[in-house]
Amino acid sequence: MAELELELISNDNGIALIRLEGFLDAHTFEKLDTVIQDLFDEGVVNIAVNLSQVEYISSAGAGVFIGAMAQAQETNGNIVLVSPTENVQEVFDLLGVSQIFTILDNNEDAKKLLSE
Amino acid sequence: MGELKYEKEMVCKCDTKHLAEIRQMVKDVAAVFFVDKMVVGNVTLAVDEAVANVMEHAYSGLPEVGQVHVSIKVEDDQFMVKVMDEGKKFDATSIEPCDIKEAVKKGQKNGYGIYLIRQVMDEIHYNYIKDIKNELCMIKKIQDCANNADREVK
């Protein structure tokens, strides 16, 4: 059964792009958290995460983004979410997460926003 | 007694690697009784949050990691899920509702599970059977369920 696939698509000029696929739940969230913390440790605080292939997210998964956003903002960074599926968007709406994140339709727009 | 339309139970060890299987079971059953896909997703989410909570906390500090029981019962217009464990006594319903906006703004990473369950389910109750187990009961009312009564669960 698919769990969570994570790919660091690019990491240039202080902007990272991550692609996720599968389930982001209490079993898998640490995988994403570790990658984001490693990027912060490298000084990369502008991160776009493509969620177009994430089938499911729970509060544990959403919590990674919520925590990462607060951390990124401490150093003028940003976390941008790209193309969440309907299921994922519903959980974001229930948590009111959409109030703190910019959510865009594609990777190019996300990278452009983060480079401004 | 109401008319029992469906009953299913799953028992597994408290390990988060089983979450996906439990979600699949809940989703398959919920899809038969709820027309709206969003409701199916929300009921699955509520059960996942309750089970994850048990897996992460119920047996922490105890000598042995126990099991979590998930039972689904559909009766009349009620889709009822019970999540049971034999770990430390814990009443999730006693948690005060959090200020979600404030928590998200502050970057709080966890503690949203019970908030989500309250958001998406119609009723939530806690029972403790003395010296035996915790039981969290979550109910979602079924609308327009009559046409689905004879459908088969995968």
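1. Basis of the model. The model is predicted, with local features needing pLDDT of at least 70 and side-chain atom pairs counted only at pLDDT 80 or more, whereas totals for chains, interfaces and linings use all residues. Residues are numbered from 1 along each chain as its sequence is written, chains are lettered from A in the order in which they are written, and side-chain values use heavy atoms, without hydrogens and water.

2. Sheet of chain A. Chain A holds an open sheet of five strands in the order 1-2-3-4-5, with mixed pairing; strands are DSSP runs of E with at least two residues, numbered from the N terminus, and two strands pair if DSSP finds at least two bridges between them. Strand 1 and strand 5 (102-104) of chain A are the edge strands, each pairing on one side only. From one strand to the next, the twist averages 25°.

3. Strand 1 and strand 2 of chain A run antiparallel and are joined by eight bridges. Among the bridge partners in strand 2 of chain A are A:A16 for A:N11 and A:I15 for A:D12. Two residues lie between the strands of this hairpin, and A:N13 takes a positive phi near 50°. A salt bridge (a side-chain nitrogen of Lys or Arg within 4 Å of a carboxyl oxygen of Asp or Glu) joins A:E5 and A:R19, at 3.5 Å from N to O. A:E5 lies in strand 1 (residues 4-12) of chain A and A:R19 in strand 2 (residues 15-24) of chain A, so the pair ties together parts that are 14 residues apart in sequence.

4. Sheet of chain B. The open sheet of chain B also has five strands, here in the order 1-2-3-5-4 and with antiparallel pairing. Strand 1 (4-13) and strand 4 (123-129) of chain B stand at the edges with a single partner strand each, so one side of each has no neighbour in the sheet. Neighbouring strands are turned by 15° against each other on average, direction ignored. Strand 4 and strand 5 (residues 133-141) of chain B pair in the antiparallel sense over seven bridges, one of which links B:I129 to B:K133.

5. Helices on the sheets. Helix 1 (residues 29-41) of chain A lies across strand 1, strand 2, strand 3 (46-57) and strand 4 (78-82) of chain A, at about 175° to strand 2 of chain A. Helices are DSSP runs of H or I with at least four residues; angles run from 0 to 180 degrees between the N-to-C directions of axes fitted to C-alpha atoms. In chain B, helix 2 lies across strand 1, strand 2, strand 3 and strand 5, at about 10° to strand 3 of chain B.

6. Chain contact. The contact (heavy atoms within 4.5 Å) takes 25 residues from chain A and 29 residues from chain B. Two salt bridges cross the interface. B:K109 forms a salt bridge with A:D33, with the closest N and O atoms 3.1 Å apart.

7. Helix packing between chains. Helix 3 (residues 86-95) of chain A packs against helix 2 (residues 37-58) of chain B at an angle of about 65°, with their axes 11 Å apart. The contact residues are A:E86, A:E90, A:V91 and A:L94 of helix 3 of chain A and B:M38, B:N42 and B:L45 of helix 2 of chain B.
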